[in-house]
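Please prepare a briefing on the structure shown below.

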Amino acid sequence: MKHKLTVEQRQLLSQNQISSLELLALCNCELNRYMEHEYMENPLLEQINSRAESYTQEDYQAWYQSNYCKPLKNTAVFLEEGNESSSQEFDASNTKNIYTYIYEQLELERYTDKQLSVIDFLIQCLDRNGFIDLEVPEIAQLTGVNEQVIKGCLSDLKKLEPYGIFAKNLAECLLIQIEILGLDDEILKNMITNHLTDISQGKISSITRALDISSAQARRYIALISTLNPRPLQGFGENEKQYIVPDVIVTMGPDGKWNIEINDNWCGDYQLNDYYLQMMAEVKEQELFEYFKKKLERAKFLIHAVEQRRKTIILITNAILEEQDEFFRYSGKLKPCTMTQMSEKLSVSTSTISRAVKDKYLQFPAGCILMKNLFSASVPVSGGSLINSDGVKELIRELVNEENKEKPYSDSKLAELLSEKGCRLSRRVIAKYREEMGISGSFERKMKNDMNKRVN
């Protein structure tokens, strides 16, 4: 053993580079959550809402009334005729489910027939979001029942799930939910009662001045409010649907060229907060200055990293469109193309390509596809041509369809037959492709054939 000195060059990633790569790997929904968390923690970061419309408190209430306060189902007994609108009602099965769900939570033996009739009426008065836009005196006049009885029924109904149901408006709905959660915070209650419009417009400064709290505190309260359910009854009884949110949208322009757009307009943009920049310039305490300096550097990095992420994804998407032009224009077959080949074409690392397409969907005129599926390895076949994994799967399916059902091909036999066509793959790879296509093994195929013969 002996000591010696060596000289070598080694590239190490900085923390900012690592964070930038992490941002690149996030889909748009994950990026939105990430930036919202940073926004709550960093006062130097200011969010610009994508919809910069101005509303007054009266405008907000009028908008809500016109868009969301529609009766669930009118009755001929209590409500005037001519108010029904079938396009704005739940279907009968939904209404029945709501009745059942509410009555199952009540101890029915505690209520008289008159109280049950009031409860029945209140359920029918729910709008599509679970609110009742009627004052107690109005309900008493319509039902002919004492106001105290109605208040008692409403008090019981407001304790039921989904929490916030039977509230008069959005503010009361949210207040009911924080009460159920045990959040006895006067600032939070004040914010919900008086500043919902400011929250919807992103007017943090108006809230902080009115409540005498810091912007970081205001953002934490807003984040908490965003976890509450503003429409307790929306979608009740409907089948849950899973939606894909495309990260990249590709459209065809009039000139026949592709237009690429990153689908992040709904996330809002971020910029530096001028108010805190001015405060940083005037601050005299060294400790506070260092705090602002650290937050400023982080905010600048995030804004730059998000913009760089957009450029990288657009660059890679444009290269994919060029490589797979036949697939996107004419619904042709995908050409064999690996991430390594794409990285060499763009002079970037393979890991950058991998992160840029990870868990991201691309929407184009013919549909929506996972970007990772646009890459596949090439397999040589007879004649010197190349096919990708989809082409190999088609060959396997053709062989299985033409096989003798009495003696199905094993994976080894399929590999042998493909080899004769110039497509050399191992038995293990054949088995993988076969399972991806949902084709069972040779033994299972033979058993299924025998079963069918017995049935026939």
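Among contacts (heavy atoms within 4.5 Å) in the chain between residues at least 6 apart in sequence, 64% join residues at least 24 apart. This is a predicted model, in which local features need pLDDT of at least 70 and side-chain atom pairs count only at pLDDT 80 or more, whereas totals for chains, interfaces and linings use all residues. Residues are numbered from 1 along each chain as its sequence is written, and side-chain values use heavy atoms, with hydrogens and water left out.

**Chain and confidence**

- The chain contains 21 helices and eight strands, where helices (H or I, at least four residues) and strands (E, at least two) are DSSP runs numbered from the N terminus.
- Of the 456 residues of the chain, 40% count as buried; buried means under 20% relative accessible area, exposed means over 50%, and partly exposed lies in between, with a 1.4 Å probe and protein chains only.
- The accessible surface of the chain comes to about 27,800 Å², and 49% of this belongs to carbon and sulfur atoms; the areas come from the Shrake-Rupley method with a 1.4 Å probe, and for residues only the protein chains shown count as cover.
- The mean pLDDT, which is the predictor's confidence in each residue from 0 to 100, is 80 for the chain, and 84% of the residues reach 70 or more.
- Over residues 50–96 the pLDDT is below 50, and this stretch has 59 contacts in the model beyond near neighbours in sequence.

**Aromatic pairs and charges over rings**

- The structure holds eight aromatic pairs; rings of Phe, Tyr and Trp (its six-membered ring) pair if their centres lie within 6.5 Å, and planes under 30 degrees apart count as stacked, over 60 as edge-to-face and the rest as tilted.
- One of these pairs joins Trp-258 and Phe-328 edge-to-face, at 6.3 Å centre to centre and with 70° between the planes.
- Trp-258 lies in strand E3 (residues 258–262) and Phe-328 in helix H15 (residues 325–330), so this pair ties together parts that are 70 residues apart in sequence.
- Trp-258 is buried at a relative accessible area of 16%, and Phe-328 is buried at 4%.
- The rings of Phe-328 and Phe-364 have centres 5.0 Å apart and planes at 80°, so that pair is edge-to-face.
- Because Phe-328 lies in helix H15 and Phe-364 in strand E5 (residues 361–364), the pair ties together parts that are 36 residues apart in sequence; Phe-364 is itself buried, at 9% relative accessibility.
- Ring pairs link Trp-258, Phe-327, Phe-328 and Phe-364 into a cluster.
- The charged end of Arg-219 sits over the ring of Tyr-39, 3.9 Å from its centre, while Arg-110 lies over the face of Tyr-111, at 5.1 Å from the ring centre; the criterion is that NZ of Lys or CZ of Arg is within 6 Å of the ring centre and within 35 degrees of the ring normal.

**Helix packing**

- In helix H16 (residues 339–346) the buried residues are Met-339, Met-342, Ser-343 and Leu-346.
- These residues cover an arc of only 100° around the axis, which puts them on the same side of H16; the arc is that of the directions from the helix axis to the C-beta atoms.
- An α-helix has 3.6 residues a turn, so residues three or four places apart point the same way.
- The cover over the buried residues of H16 includes helix H14 (286–323) and helix H17 (350–357).
- Ile-396, in helix H18 (residues 389–402), is buried at 0% relative accessibility.
- Leaving aside neighbours within four places in sequence, Ile-396 is in contact with Leu-414, Leu-418, Ile-430, Tyr-433 and Met-437.
- The C-alpha atoms of Ile-396 and Tyr-433, which are 37 residues apart along the chain, are separated by 8.3 Å.

**Backbone geometry in loops**

- Most residues other than glycine have a negative phi, and most peptide bonds are trans.
- The peptide bond from Glu-161 to Pro-162 is cis, with omega near -5°, and Pro-162 is placed in the loop between helix H7 (147–157) and helix H8 (170–180).
- Phe-166, also found in the loop between H7 and H8, has a positive phi near 70° and is buried, with a relative accessible area of 2%.
- Ser-347 follows H16 in the loop between H16 and H17; this residue has a positive phi of about 60° although it is not a glycine, and it is exposed, with a relative accessible area of 68%.
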